[in-house]
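Subject: Structure handover

Hello,

Please find the structure below, followed by notes on what was found in it. Could you look through them alongside your own files?

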Amino acid sequence: MDNTRRICIPSSGPETGDLVDDRFGRAPFFMIYDTGTKKTEGHKNPACDGMGGVGPKAAQFLITHGVTVLVAERVGGNALEALKAGGIAVLLFDKKGATVGDAIEAFLQGELGEQ
Amino acid sequence: MPSKHFSRVNSGNSDLPFSYVPETSDNIDDTLIMKVTVASGKGGTGKSMVAANLAWALSETSPVTLVDCDVEEPNLHLFFPQDPIEREEVTVPVPSIDLDRCTFCGDCAGFCAYGALLVTKDRVLFFPDLCHSCGGCSLICLAGAIKETQRSIGTLTLRHISDRLHIVTGTLQEGDVLATKVIREAKRIAERPGWIVYDASPGTSCPVVETLQGSDLCLLVTESTPFGLHDLELAYSVTSYMGIPSGVVINLSDGRDKETRAFCEEKEIPVFATIPFDRWIAHVQGVGDLISRRDSFWKDRFIALGMACCSRVEEL
C-alpha cells in the first residue's frame, strides 16, 4: 500500500535552507516534500498577492498538488475551512528562525501536533 | 469664495455664523431635479445632521427624497417617527452547483478571482462572503452544473414623512459585505422628481464612490480639527477626481477654522456654511430632533444652504 504523503511548508524562498514563513495564504512560496521520493519541490504561491479570498485560493493550490498535510504557524478562518473540506491535516510548527529543512525534520520525527 | 447668497456675520457669541440675504424672490422651481451627496472623509463630522436638516428644510416647499446610503449603519430614520410603508429585499446572484452534473474539474475555482470556490476530488465548497456575483463560474462550467440563484443581502425601506418628504433607507445585513449593491438599489428606488439628498457613509472607499456617482454636487462636511482637515483633503481628492463639484460645510466649528479655510481657499472650494460647536445643537440632535424643525432660524439657514448648492451647480 502506497502511503506516500505530500507535506506543504509555507516558505520565504524556494530552497529548503530558506526560512519558514509564519503565514499560510500570503506566504510567497510553498515547499512540498514528498515522503516517497524524499524530494522537495519549490512553488511560487500564485495567490499571495491577491486582495482577498487568498486562503481558499491557497488551499485550492494544495489540493490540486495532492498535498495531504500542511505544516504551518498561522492559518486564517476561511483557509482552515477550505483545508478541512479538502481533507488536509493542519499541523502546528511555530519554532522561530527555523528553515524549511527544520520543519520537514520536525514532521518526520513526529514532533508536531494538529492545530 | 462664499456664494453670492451669503454674507458672513461675525458675532461674539457664535450663534449667528451666517445669514441668508436673498437677492431674488424665493420662487422654488417645480421642475428642479438636484442630486446632492453629503459626504465627509472623517466620520462623526455631522453628515447625517446636515443631510436630515437640509432635506427637512427644503421639503417645506419642494419635493425631497432623503436617501440613507450609509447602509452598514443607517441612522436617518431615527430623526423621524414614521414607520416604513414599503419594504423590499436586496439580493445578489450566487452560484448553485448541481453535484450530479459536476465533474470536479476545478475550472470554476480556477476562474474565480475572489477565491469563492474550492473544488476537491468529490466536493465543491462555496464562500458566499467572497463572491462578487460576476457570473463567470456559471459561464465557464462545461458540464452545465452551475446555476445562478439569488441570495438576500439586505433590505430597502421607504418612509412617507410628508407629501413632500420621503426617506429611502438601505440596510446591509449584518455580516454581509456587498454594500455597493444595496446602495445602488436604494438610489434606484429613490429616483423621484425634486431634490435627492444622499447621506453617504464616512470614508472614501467603494460605498462612498457608489453613492457619489451621478450627483450634481457634493457637500463635504468637516470639523475644525486636524483629523477633520486631513480627511477633508482625502474626500476632496475623490470628488475632484470624479469631476463632481463640491462645497464645504464646517460643522462643530470653533469660530476660526484657519487651516480648513486656507485649504478651501487654495483649492477654490466654497465654504457654504459654518455651524458652531454648540451645546444646544448637540442636545437637539442627540435626542433625535432636528434643529431646523425646532427653530425656524435654522430652517432658513438650511434652505439657504440648498440655494447655495443650486447656485454652485448653475455657475459651473
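**Interface of chains A and B**

Across the interface of chain B and chain A, three residue pairs are in polar contact, both residues being at pLDDT 80 or more. A polar contact is a pair of N or O atoms within 3.5 Å; within protein, one must be able to donate a hydrogen and the other to accept it, and residues adjacent in sequence count only if both atoms are side-chain atoms. Strand S6 (residues 117-119) of chain B supplies three residues, the largest share of the side of chain B that touches chain A. That side divides into 10 nonpolar residues, two polar and one charged (Ala, Val, Leu, Ile, Met, Phe, Trp, Tyr, Cys and Pro count as nonpolar, Asp, Glu, Lys and Arg as charged, and the others, Gly among them, as polar).

The count of salt bridges between the two chains is zero, a salt bridge being a side-chain nitrogen of Lys or Arg within 4 Å of a carboxyl oxygen of Asp or Glu. In contact terms (heavy atoms within 4.5 Å), 13 residues of chain B meet 12 residues of chain A. About 970 Å² is buried between the chains, 62% of it on carbon and sulfur atoms; this is the accessible area (1.4 Å probe) that two parts lose on being put together, summed over both.

**Basis**

This is a predicted model, in which local features need pLDDT of at least 70 and side-chain atom pairs count only at pLDDT 80 or more, while totals for chains, interfaces and linings use all residues. Residues are numbered from 1 along each chain as its sequence is written, chains are lettered from A and ligands numbered from 1 in the order in which they are written, and side-chain values use heavy atoms, with hydrogens and water left out.

**Two covered strands**

Strands and helices are DSSP runs numbered from the N terminus (strands E, at least two residues; helices H or I, at least four). Two strands pair if DSSP finds at least two bridges between them. Buried means under 20% relative accessible area, exposed over 50%, partly exposed in between (1.4 Å probe, protein chains only).

In chain B, all six residues of strand S10 (residues 194-199) are buried. S10(B) runs parallel to strand S3 (residues 33-39), with six bridges, one of which pairs Ile33(B) with Gly194(B). Strand S4 (residues 64-68) of chain B is also parallel to S10(B), through five bridges; there Leu66(B) partners Val197(B).

In chain A, strand S1 (residues 6-11) has six of its six residues buried. Arg6(A), Cys8(A) and Pro10(A) lie on one side, and Ile7(A), Ile9(A) and Ser11(A) on the other. Six bridges join S1(A) to the antiparallel strand S2 (residues 29-34), where Pro10(A) partners Phe30(A).

Regards
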